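Let's take a friendly look at how the parts of a protein sit together, and at the space left in it.

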Amino acid sequence: MTGIDDLPVRDELRGKSPYGAPQLDVPVRLNTNENPYPLPEPLVERIAERVREAARNLNRYPDRDAVELRTELAKYLTDTGMYAVGVENVWAANGSNEVIQQLLQTFGGPGRTAIGFEPSYSMHGLIARGTSTGWISGPRNDDFTIDLAAAEQAIAEHRPDVVFITTPNNPTGNAVPPETVIALYEAAQASKPSMVVVDEAYIEFSHGDSLLPLLEGRPNLVVSRTMSKAFGAAGLRLGYLAAHPAVVDAVQLVRLPYHLSAVTQATALAALEHTETLLKYVERLKAERDRLVGELRAIGYEVTESDANFVQFGRFDGSAGSHEAWQKILDRGVLVRDNGVPGWLRVSAGTPEENDAFLDAVRELKKEQSA
């Protein structure tokens with residue numbers, strides 16, 4: 001029977017596994033950092049209205065450049081990011097993963113390299129390999145902060161074409177200080193002109209501010225975002241970036257024609273009309289995230305400081321110990337993420353009821369381990 005290894009797959013893809021988390025039918029699912037609150041009914045109705053309008057013209061291609069959507073995204077960023085951007089600074093695609101892919105298609109590729117500081121968002125490395133971009137795993141400290149001196153040394157040594165900085169970091173949850181980003185940007189430019197991508201998928205959940213103002217005077221800096229988390233629109237698949245207009249022009253060299261459907265654009269525009277309501281759900285989740293941190297520590301677990309809508313907790317006895325703990329929590333009807341960091345698990349902030357079920361499960365687990 002023919003398998004992947006029997007096909008003429010590119011060498012850099014051999015032996016790799018596709019990205020994904022278990023999709024299991026259990027009472028409480030807290031493993032994929034989704035917003036647990038369904039969209040409010042007025043927004044659902046507005047989506048239906050906008051999609052109905054778009055459906056009347058589905059015989060025509062959509063706006064190739066998504067100008068109306070990018071204009072509204074720019075307004076959102078300006079209103080919430082303490083830095084004014086215009087439509088010329090914003091680009092949108094099918095999820096932030098496609099944004100990252102387009103950036104690597106434009107600035108990476110064969111003979112070029114990208115660096116990220118791991119553990120971090122694993123799709124950065126996966127998309128790098130998918131675009132034939134060499135991947136370099138940069139260092140972090142034991143507390144999962146970026147080891148700045150070691151990171152600067154790695155950039156000077158490897159001279160990467162693209163540098164990824166994830167803040168708040170996934171899967172650990174901790175934020176990166178702006179001074180660290182500035183230092184790494186300067187190190188990247190000293191090595192050779194390189195693109196620095198700040199992945200802010202979870203920024204709306206942060207205790208601090210967006211790094212959007214760092215775009216000022218830094219033409220090789222990109223800030224990427226998503227509507228999947230704060231907007232509760234994981235099923236929409238809409239990501240976007242803010243950058244110098246030249247970067248927006250450059251990624252259009254690799255984007256597929258009419259890559260954002262009319263339905264996607266209509267749905268995203270409807271969601272942006274309800275930003276105020278949706279961000280109230282974010283405040284609820286931030287409070288629940290902080291409650292999880294406090295309760296987990298009170299139970300006796302170690303917890304990484306979190307600025308995201310999830311919490312990394314442990315420590316368990318290496319990879320085997322964390323997977324065993326994951327299974328025992330699952331046996332109690334709660335699905336969390338075994339995120340591949342030895343000795344740690346990750347739980348998404350859910351509704352108060354979901355979080356209570358999770359806390360009951362880990363309390364029982366702690367008692368069992370202490371017995």
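Predicted model: local features only at pLDDT ≥ 70, side-chain atom pairs only at ≥ 80, totals over all residues.

Residues are numbered from 1 along each chain as its sequence is written, and side-chain values use heavy atoms, leaving out hydrogens and water.

**The two domains**

The protein is divided into domain 1 (22-38 + 276-370) and domain 2 (41-274), with bounds from an automatic or database domain assignment. Their contact (heavy atoms within 4.5 Å) takes 25 residues from domain 1 and 26 residues from domain 2. Buried area is the accessible area (1.4 Å probe) that two parts lose on being put together, summed over both. The table collects values for this pair.

| Item | Value |
|---|---|
| Separation of the domain centres, over C-alpha atoms | 26 Å |
| Area buried between domain 1 and domain 2 | about 2,000 Å² |
| Part of that area on carbon and sulfur atoms | 58% |

In domain 1, Leu 278, Asp 307 and Phe 310 lose the most area to domain 2.

**The largest pocket**

A pocket is an open set of points on a 1 Å grid over the protein atoms alone, where a 1.4 Å probe fits, with protein on both sides within 12 Å along at least five of seven lines; lining residues have an atom within 4 Å of a point. The largest pocket is lined by 28 residues, and Tyr 19, Thr 32, Glu 34, Lys 229 and Arg 237 lie nearest its centre. Both domains take part, each giving at least three residues to the lining.
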